[in-house]
Amino acid sequence: MYVEGRGYLPGKLVVVSGPSGSGKSTLIRLALERLGSAARLSVSATTRPPREGERDGVDYFFTDKADFIARSDRDYLEWAEYNGHYYGTPAAPVYDVLALGGCVLLEIEVQGALQIRRVAPEALFVFVKAPDFAELARRLRARGTEPDPVVLRRLRIAREELAEAHWYDAQIINDDLDSSVEEFTALLKSYGCGG
Ligand code: 5GP
């Protein structure tokens, strides 16, 4: 696929967005388990503090604002501010996988996805939704990882994100998890990730 500034790379890039609470992380994890080593998830950098159980270098590279900003735009393939924190995709590991013909998934919000669309328009863009807004709110509260004001802010952002879903190549309504995993895995395979 063509990546601006890099030229043609044999690998595949998949961008997955969706509101907080849509279940996209679980969906990605289960689809990647099925695909084995054929596809991998990029680890982002963030200035958000770790949640309980999150591990540095595995879930995110946790960093502070000064460090995040000090890295030049060239170090990140894309970056965005979400709910008061910075999030970015370190470019080098993504280029490495793409150069070797592998498949990389980016789990990123909409502003970052728009940046990727500019540099890599042939990437596959997938938007994951909860069945409806009430269900999204219920899932976010049930998760219990965030205090109520944060949940409310995330729901407000979710409304803005849902308004962008229309330009993605595919939308997955994550109602029944098993069938969503099936659908997502099939989509990845048809795009060329994992045979
Ligand atoms: P969370 O704080 O729930 O882990 O993530 C908040 C939002 O930031 C989610 O929509 C997640 O997909 C997004 N996100 C995670 N990493 C990145 C990144 O590297 N870049 C961008 N633009 N968004 C990210």
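At what angle do the axes of helix H5 (residues 133-143) and helix H6 (residues 148-162) cross, and within what distance do they come? In this predicted model, the two axes cross at roughly 145° and come within 10 Å. The crossing of H5 and H6 is right-handed. On the H5 side, the contact is made by Phe133, Leu136, Ala137, Leu140, Arg141 and Arg143. H6 contributes Asp148, Val151, Leu152, Arg154, Leu155, Ala158, Arg159 and Leu162. By class, this contact of H5 with H6 holds 9 nonpolar and 5 charged residues. It has no polar residues.

A second helix pair was examined in the same terms. Two packed helices are described by the angle between their axes and the distance between the axes. Helix H1 (residues 24-35) packs against helix H7 (residues 177-191) at an angle of about 55°, and the axes lie 9 Å apart. That angle makes H1 oblique to H7. H1 passes H7 in a right-handed crossing. From H1, the contact draws on Thr26, Leu27, Ile28, Leu30, Ala31, Arg34 and Leu35. From H7, the contact residues are Leu177, Ser180, Val181, Glu182, Phe184, Thr185, Leu188 and Lys189. The residues of the H1 contact with H7 divide into 9 nonpolar, 3 polar and 3 charged.

The strands were considered next. An open sheet is formed by 5 strands in the order S4-S9-S3-S10-S11. Its pairing is parallel. Strand S4 (39-41) and strand S11 (170-173) are the edge strands, and each pairs on one side only. Neighbouring strands of this sheet are turned against each other by 25° on average, direction ignored. Strand S10 (residues 124-129) runs parallel to S11, and 4 bridges join the two. Within this pairing, Val126 has Ala170 of S11 as its bridge partner. Helix H3 (residues 91-99) lies across strand S3 (12-17), S4 and strand S9 (103-107). H3 runs at about 150° to S9.

Another open sheet has 4 strands, in the order S6-S5-S8-S7. Here the pairing is mixed. Strand S6 (61-62) and strand S7 (76-82) stand at the edges. Each has a single partner strand, so one side of each is left without a neighbour in the sheet. Strand S5 (residues 45-46) pairs with S6 in the parallel sense, over 2 bridges. In this pairing, Thr46 stands opposite Phe62 of S6.

The structure holds 1 disulfide. It is formed by Cys103 and Cys193, whose sulfur atoms are 2.0 Å apart. The torsion about the S-S bond of Cys103 and Cys193 is about 70°, so the disulfide is right-handed. The pair links distant parts of the chain, 90 residues apart. Cys103 belongs to strand S9, whereas Cys193 sits in the segment after H7.

Key: Residues numbered from 1 in each chain as written. Predicted model: local features only at pLDDT ≥ 70, side-chain atom pairs only at ≥ 80, totals over all residues. Heavy atoms only, no water. Axes fitted to C-alpha atoms, helices over the stretch in contact; angles between N-to-C directions. Parallel < 35°, antiparallel > 145°, perpendicular 65-115°, else oblique. Left-handed = near helix turned anticlockwise from the far one by under 90°. Contact = heavy atoms within 4.5 Å. Nonpolar A, V, L, I, M, F, W, Y, C, P; charged D, E, K, R; others polar. Pairing = 2+ DSSP bridges. Disulfide = S-S within 2.5 Å.
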